[in-house]
Amino acid sequence: LVGLNGSGKSSLFGLLLGKIAIDSGECYVSKHIKISHLAQEVPYTSATVLQYAMEGDRELATLYEKLKIAEAKQDNHAVMQIYNHIYELHGYDLEARAAKILLGLGFASAVHGREVNKFSGGWKMRLNLAQVLLSRADLLLLDEPTNYLDLDAILWLEDWLKNYHGTFLIISHDRDFLDNTVTDIFHISDKGINVYNGNYSSFEQQRAARLLVQRSLHEKQVARIEHLTRYIDRFRAKATKARQAQSRMKILEKMKLVTLAHSDSPFSFKFANTKLRGSSLIAMSDATISHGTVNILDGVNFNINFGDAIGILGANGAGKSTFLKVLAGVLKVKSGSIVSNPNIKIGYFAQHQVEQLDMQASPMEILRSVDPRAQEQQLRTFLGSFGFQSDSAYQITASFSGGEKARLALAILVWQKPNLLLLDEPTNHLDLEMRMALAQALQSYEGALVLVAHDRYLLSSSVNEFYVVADRKISKFDGALTDYQPWLVTKSPTKSIKCSGAAGSSREFSVEKKESKIMISTRSKRLAFLEREITKIYAAKKLLEEEIADFYACLPYQDEVMQDLLKKKAQLEKSIAGYEMEWMKLQE
């Protein structure tokens, strides 16, 4: 589902979930399908990460709770019934499936036993996503699933959705993510929905063609209406022509103009280009960056020159945001040196800028406090380019959506005319049109840019070199953004990844790519083998448990036979534990 913020995308989800009633017409949702949606809040819970994720499969989670109760009561008949039900639902691998999804979303095995309450809001949202992916639902409703994910997790989620056999509806403003996951686009505009077959890029091409047709039809209708209006005005008073005039008035009333959709973005702004003496803006030498007593980055050597456009890649928690805070002067280096140009003017955008907006002030009041000498009309025109037109420019900020607040924080930054932009996830909560406007503005920006973002379109269209933050180091990434996913597979930042240049360089990349494919193929085969073996052993264990239950039911039983059965069960459990441990390591 795509469309401007406020067009009704989330309301449509609310309708499908039964949270919103319709005013007219009908909405039919089959009672036989299971719907799972991405919750926007995480309840206070002492459950561990793994337990919370497993609760996503509510049917199996309930069965396991019943199993605990039955085992505590030593109700062997109930225990076997529950085991049978779990087996029918393939529930023997619930924990393994949950662990696999958690790993994909960035939760290392070491934290699976930690309490959910000890994680930040962004990581808790990932846990909500883990529950949805584990739910075995027929229909998934995913509202901005990539908002709290880093690029590594987004790439994993794309692969997961490609292999998902159910139906999913996604609200997303990430065009690359949509290109790689969806088969149809529902475009919500002017209180209606137009359906386009294909991914987002295909939608843009089809919509452009439709706009041309609409524009042609619109122009013909305007000409026809003008002709009819002149006729009516001319002959309305003449009795002999009154009948024809009335007829044409009816035609005019019935005739509806085809809504001419605007192909241009409603947002249009640009960064001021300011000259700066000296090319060097920031020089960092052998710096150590820490968070409290913990070193985040060591031995950092990093230079920013006027005109640079740098993208920072790396997993969440690697230190990207901390690094930007040091560049912005919010944090100091623990050791080493950092030297800044005295004429530098930094424009720093991060999530806390949005949170620190004066919620009781209007956009006009906030911008006037930044520049008291600016004229009101000048401020209104500027705010209008960010979508704050007429009354909205005078509304209190507290009434705005998350996307509108992010737009306002961005507008304040642009107004200040920085010569160095430090942008930390600037596209969170921004819709596609605003993301496009930001990308276009950055393309014409002549100052220096350092960008942390999970929006691949913004990265690929705005920056010309990349650095990777990993293993407490920041190093130059010798490749394009499309090379980042293969690099993630090898997890070897020391290997050279080059797509162009001398023949030797391209051959080096092709050999490395071939090695990477062999590694993936070998690992995939071993994973498939382990999954087959685990399934077989669980099945054998189930049959053995049924045999044990039969012996319990037929007292007195032969102790030697029972001991033999219990020994076999222990061996199977040991095999399962060994295989699952290997499976987990391969997944990591």
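Me: How many bridges join strand β8 and strand β12, which pair in the parallel sense?
Reply: Happy to start there, in what is a predicted model, where local features need pLDDT of at least 70, side-chain atom pairs count only at pLDDT 80 or more, and totals for chains, interfaces and linings use all residues. Residues are numbered from 1 along each chain as its sequence is written, and side-chain values use heavy atoms, leaving out hydrogens and water. Strands (E, at least two residues) are DSSP runs numbered from the N terminus, as are helices (H or I, at least four), and two strands pair if DSSP finds at least two bridges between them. For β8 (residues 309-313) and β12 (residues 448-452), the number of bridges is four.

Me: Which residue in β12 stands opposite isoleucine 312?
Reply: β8 and β12 belong to an open sheet of six strands with mixed pairing, ordered β10-β11-β12-β8-β13-β14. In β12, the residue opposite isoleucine 312 is valine 452.

Me: Why is α6 described as largely enclosed by the rest of the structure?
Reply: Buried means under 20% relative accessible area, exposed over 50%, and partly exposed in between (1.4 Å probe, protein chains only). Among the buried residues of α6 are Met125, Leu127 and Leu129, and their cover includes α5 (94-104) and α7 (151-162). α6 is largely enclosed because its buried residues number 10 of the 13.

Methods: Contact means heavy atoms within 4.5 Å.
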